[in-house]
Amino acid sequence: MLLRALISTLFLFTHLKHATSIRCYECNSANNSMCLDPTVYDQETVSRFLGTANCNAGVHTADQKDFFCRKIVQTILHKGHDPEVRVTRGCGWVRHRRDCYKADNEDHLETVCQCFTDDCNTGATVGSTAALVAAIGVISMFV
């Protein structure tokens, strides 16, 4: 019995990799309006009503994914109706070369941002905000 347990454990360690986990907010504004902008709520309310997921908790196979958090803002273009904004937050596993990018499809526009620390997909990315502030500062020097 002990030999079987040792062989099973050895098999797991030689064929599987252990991954560190990242925790991301996981929600869709279609069924949780708090998902639109959780930064307007206090942290206790967000923790209580906005779901989170441990994206890569535990053990993964050799094709281990490098998980991260993602925020997607979609503007859905309904024919004959006003556009609808929908926000989805969750885990991602295929990284884009840029932290944020825009996509323009036939029936919707979307902005996708990725980040790499726990619970980082609550709001605007820090890098984008810092870049905007720096750009405004440079422009104001010439005006």
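Q: Before we start, what are the ground rules for the numbers?
A: This is a predicted model, in which local features need pLDDT of at least 70 and side-chain atom pairs count only at pLDDT 80 or more, whereas totals for chains, interfaces and linings use all residues. Residues are numbered from 1 along each chain as its sequence is written, and side-chain values use heavy atoms, with hydrogens and water left out.

Q: OK, how many disulfides does a search of the whole structure find?
A: The search finds five disulfides, a disulfide being a pair of cysteine sulfur atoms within 2.5 Å. Counting the bonded cysteines along the chain, the pattern is 1-5, 2-3, 4-6, 7-8, 9-10.

Q: Remind me, what sort of bond is a disulfide?
A: It is a covalent bond between the sulfur atoms of two cysteines.

Q: Take Cys24 and Cys69, then: how far apart are their sulfur atoms?
A: The sulfur atoms of Cys24 and Cys69 are 1.9 Å apart.

Q: Is Cys24 buried or exposed?
A: Cys24 is buried, at a relative accessible area of 0%, and Cys69 is buried as well, also with 0%. Buried means under 20% relative accessible area, exposed over 50%, and partly exposed in between, using a 1.4 Å probe and protein chains only.

Q: Which residue does a disulfide join to Cys55?
A: Cys55 is joined to Cys91, with an S to S distance of 1.9 Å. Since Cys55 sits in the loop between strand S4 (52-54) and strand S5 (59-61) while Cys91 is in strand S7 (residues 84-92), the pair ties together parts 36 residues apart in sequence. The torsion about this S-S bond is about -80°, so the disulfide of Cys55 and Cys91 is left-handed, and Cys55 counts as buried at 13% relative accessibility.

Q: What about Cys115 and Cys120, left-handed or right-handed?
A: That link is right-handed, with 90° about the S-S bond; its S to S distance is 2.0 Å, and both Cys115 and Cys120 are buried.

Q: Switching to strands: how many residues of S9 are buried?
A: Six of the eight residues of strand S9 (residues 108-115) are buried, so S9 is largely enclosed by the rest of the structure.

Q: Which bridges join S9 to S6 and how do the strands run?
A: S6 and S9 run antiparallel and are joined by eight bridges, and Thr75 has Leu109 in S9 as its bridge partner. Two strands pair if DSSP finds at least two bridges between them.

Q: And how many bridges join S8 to S9?
A: Strand S8 (residues 100-104) is joined to S9 by five bridges, and the two run antiparallel. They form a hairpin with three residues between them, and the bridge partner of Asp104 in S9 is Leu109.

Q: Zooming out, what does the secondary structure of the chain come to?
A: The protein chain has three helices and nine strands, and 27% of its 143 residues count as buried.

Definitions and conventions:
Helix = DSSP H or I, 4+ residues; strand = E, 2+ residues; numbered from the N terminus.
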